[in-house]
Amino acid sequence: MAKKDNTVPEKKTDYSLNDDRRVRVLSPGMLVAKRFFRNRLAVTGMIILILMFVFSFVGGLVSPYKQDQKFYRTDVQLKDFAAVLFNEEFRYTVADKDVYTGMAQANTILALQRGETEFNYDGIAFTLEKINDNFYTISANGKIVGITSKDVVTSSTSNDTFDFDFTYSALMATAKGEKSFEYGGKTYTVDAAKSIFDENGEEYAYVSQYVVRAVMGDVFLSRDFKNKLIEAVEAKQTDFVYTDESGQEAEYKLSFDASKNQWDVKQEIDTTVFDTYAEPTSKHWLGTDRNGMDMLTRLMYGGRVSLIIGFIVVFIESFIGVIFGGISGYFGGRVDNLMMRIVDVFYCIPSMPIIIIIGASMDAANLEPEKRMLMLMIVLGLTGWPGVARLVRGQILSLREQEFMTATEACGISVPRRIFKHLIPNVMPQLIVTMTMGLGTTIILEATLSFLGLGVRFPFASWGNIINDVNNVFVLTHYWNIWIPAGILLLLTVLAFNIVGDGLRDAFDPKMKR
């Protein structure tokens, strides 16, 4: 007895040309998407671009810092504070400038070198009187017209200088070992250390062969500080610590400058400075740049600027190119000839020199960073559209002779509608591929201009002006965290745009796939 077959026959499904499911399967958009997503390399490029957009646009929002926020640190720095000179040359103090002129002083030097006590200049006889080895008086016509001395009279209470009469009286008293001298109706006393005291017993001035002066004119050095400093110099110390009257202690470094024959005094000061080129930490994951700004935050905002500039420039190029190419390709003939000659003119314009000239002009005009960035986008867009116009024109020249265009003409559809409703949409696949691949080129161009200082300027960040720091060889070799991350992001973004462009080209036209 034959065994009964209990299997249920498979139900046959018939598809017709107007079946919705079949239409969905054959949808051109779906076919392009499936071809694109089957390309693993193109999908990888798309993922990279998505990550770059998230990093640039979302990262900047969640970052705790701003792109122009500066960070500071406290450093102990050595700053020039004072100089100590042991005076071994004669210094001149003049009483009568009309008689004892600069040339007469030069002749005095010659007379001292020759050991002479008299010399003539300009018909005037000058007499040198030696008080001691460090002090001479110069007389003419029976009166003292000047003095020359290796000792210097310095005020103990201020940075002021003294007139000739006080300087002469003080030097004469100390040279002769006198205990006092008269000046201006007052009596000044002199001790063994050549300190000069007023009538109240307070130190008013002192005579010394050492000259101690502050680097800053508004800084006054006390006599006690000068004495301690001179002692350190005579002991050939390289540093010394001084405590002032208020009990504040400061450390100083001493070094001898042979070219100036003086001791330079530097003070250690706690100074607040930019936290430049800081190493990566938990606070700053990629460290800081030369302005003390967080590098990771600058990279986020820099990616935003680079991507925005790329998209706007490509949009300007496409907008102008589609209009020019569409009109030229559709009408042909004289219109095409005229418009293509205009395109040729723009092709012949050297874009890079023009951009450099415009960048220099913006520098001279001190244009604001926002306006500068806007101007950069406009210039790049206006110099890049001819290629798009040629592409659109070539595509439309081949499309306008096809049957669907004949049908649109027979239906009485207006010319603008034929161009922008029926022709341009058929050019969009090639245009999208061109725009996608052009984004990478535009970002590279912007980065190049910013690196050269002609693009985006501070406080805005772009990957190009971040990499600009490598024009310093020291930064290039020692601070890789400054420029390598920006270079990697730039490389990945441009590479991803090119990969996605290739993937879109293969998806729109599988026959071109190699």
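This is a predicted model: local features need pLDDT of at least 70, side-chain atom pairs count only at pLDDT 80 or more; totals for chains, interfaces and linings use all residues.
Let me start with the largest pocket, which is lined by 29 residues; Arg91, Val152, Val153, Thr154 and Thr161 lie nearest its centre.

As for what the lining is made of, 14 of its residues are nonpolar, 10 are polar and five are charged. Several elements contribute: strand 1, residues 72–86, strand 2, residues 91–94, strand 7, residues 152–155, helix 5, residues 164–176, and strand 12, residues 210–214, each give at least two residues to the lining.

Now the second largest pocket. Its space comes to about 350 Å³. It has 18 lining residues, and those closest to the centre are Glu317, Gly384, Gly438, Thr441 and Thr442. Here the elements that each supply at least two lining residues are helix 7 (295–331), helix 9 (351–364), helix 10 (369–399) and helix 12 (415–451). Which helix gives the most to this lining? That is helix 12, with six residues. By class, the lining of the second largest pocket holds eight nonpolar residues, nine polar and one charged.

Next, the sheet. As a reminder, strands of a sheet pair through backbone hydrogen bonds, either parallel or antiparallel. In this model there is an open sheet of five strands, in the order 2-6-5-4-3, and the pairing is antiparallel. Why is one side of strand 2 and of strand 3 left without a neighbour in the sheet? Strand 2 and strand 3, the latter covering 118–121, stand at the edges and have a single partner strand each, so one side of each has no neighbour there. On average, neighbouring strands of the sheet are turned by 25 degrees against each other, ignoring direction.

Within the sheet, take strand 5, residues 135–140, and strand 6, residues 143–149: they run antiparallel and are joined by six bridges.

Helix 5 lies across strand 2, strand 4, strand 5 and strand 6, and runs at about 65 degrees to strand 6.

Methods
Residues are numbered from 1 along each chain as its sequence is written. Side-chain values use heavy atoms; hydrogens and water are left out. On a 1 Å grid over the protein atoms alone, a cavity is a set of points where a 1.4 Å probe fits but cannot get out, and a pocket is an open set with protein on both sides within 12 Å along at least five of seven lines; lining residues have an atom within 4 Å of a point. Helices (H or I, at least four residues) and strands (E, at least two) are DSSP runs, numbered from the N terminus. Ala, Val, Leu, Ile, Met, Phe, Trp, Tyr, Cys and Pro count as nonpolar, Asp, Glu, Lys and Arg as charged, and the others, Gly among them, as polar. Grid points are joined across faces, edges and corners, and a volume is the space filled by probe spheres set on the points. Two strands pair if DSSP finds at least two bridges between them. Axes are lines fitted to C-alpha atoms, for helices over the stretch in contact, and angles run from 0 to 180 degrees between N-to-C directions. Contact means heavy atoms within 4.5 Å.
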